[in-house]
Amino acid sequence: MKKLVEILPNKQTLIERSLALMLEKIQTALRERGQCTLALSGGSTPKPLYEALAEQSLPWEKIHIFWGDERYVPADHPDSNERMARQAWLDRIDIPAANIHPMPTGANDPIKDAQSYEAELQQFFGVAAGEFPALDIILLGMGDDGHTASLFPKTDALQVCDRLITVGNKDGQPRITFTIPLINRANCIIFLVAGESKRPALAQIFSSSGDAIAYPSRFVQPQGELWWLLDFAAGEELEGRE
Ligand code: 6PG
């Protein structure tokens with residue numbers, strides 16, 4: 001694993017840097033594999049990045065969009081990660097509908113929807129049960145509690161190591177989420193973290209020892225590159241740390 005940490009002065013420069021890094025990694029995937037598979041994070045931090053991506057001129061027909069997690073709500077619900085990404089970005093570019101792979105939330109059964117998404121990824125990547133495909137880029141956020149995707153502290157989802165997709169649990173509310181082994185197969189992971197409220201969890205995650213069950217972002221140790229892009233408000237105390 002190659003871990004790289006960059007601390008940017010503020011949210012605007014953080015978004016500018018994350019755009020440049022995303023474009024670089026998308027171009028690498030297109031050059032090396034003729035396509036790019038990209039999983040999006042939800043939450044509020046990445047929205048301006050998605051808006052900036054909507055302004056880019058890229059071969060969208062060669063780019064496939066997945067989600068690393070989704071709230072268990074309809075796609076038109078205000079809390080939907082899919083809805084946010086479509087409004088900020090995907091509805092504004094000329095990308096084939098078939099290239100957008102949202103997490104299903106319509107079965108009224110999170111386990112069934114998780115199984116459906118797993119089957120969709122297995123079919124898309126041509127992998128058998130038990131095999132984990134390597135996405136080119138997985139974009140992740142981190143909650144104040146140190147969760148990432150919908151892998152929340154002290155939840156059962158953290159123990160799931162034989163599936164691609166599982167059901168997360170936020171205060172009793174179901175989520176659909178990538179599992180830790182699927183995340184860690186990625187060629188490139190980019191954490192995008194901003195704001196002072198993230199400092200305590202970042203201190204735990206960057207400490208030489210700590211409890212990953214309590215701070216699940218510690219589980220993210222990919223085979224490929226691990227980028228942490230932080231604004232100063234979040235990362236001040238990590239200056240010079242790897
Ligand atoms: C979600 C996200 C989640 C998010 C963090 C940070 O569905 O909410 O995938 O993991 O990235 O909670 O959220 P903010 O960017 O809003 O701080």
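Two strands count as paired if DSSP finds at least two bridges between them; the strands themselves are DSSP runs of E with at least two residues, helices are runs of H or I with at least four, and both are numbered from the N terminus. With that in hand, take a look at F66, which stands opposite H101 in strand β5.

Before going further, a word on the model. It is a predicted one, where local features need pLDDT of at least 70 and side-chain atom pairs count only at pLDDT 80 or more, while totals for chains, interfaces and linings use all residues. Residues are numbered from 1 along each chain as its sequence is written, and side-chain values use heavy atoms, with hydrogens and water left out.

Now back to the strands. β3 (residues 63–67) and β5 (residues 100–101) run in the parallel sense and share two bridges. β3 also pairs with β2 (residues 36–40), again in the parallel sense, this time over five bridges.

How covered is β3? Five of its five residues are buried, where buried means under 20% relative accessible area, exposed over 50%, and partly exposed in between (1.4 Å probe, protein chains only). In a regular strand the side chains alternate between the two faces of the sheet. Here I63, I65 and W67 sit on one side, H64 and F66 on the other, and both faces are covered.

Over in β2 you'll find T37, which is buried too, at a relative accessible area of 2%. Beyond its neighbours within four places in sequence, T37 is in contact (heavy atoms within 4.5 Å) with several residues, including H64, F66 and F124.

Next comes helix α3 (residues 81–88), whose buried residues are N81, E82, M84, A85 and A88. They lie on the same side of α3 because they cover an arc of only 165° around the axis, taken from the directions from the helix axis to the C-beta atoms. These buried residues pack against β2, α2, β3 and β4 (69–71). At the N-terminal end, S80 caps α3, with a side-chain oxygen 3.1 Å from the backbone nitrogen of E82.

Conventions. Polar contact = N/O pair within 3.5 Å; in protein donor to acceptor, adjacent residues only side chain to side chain.
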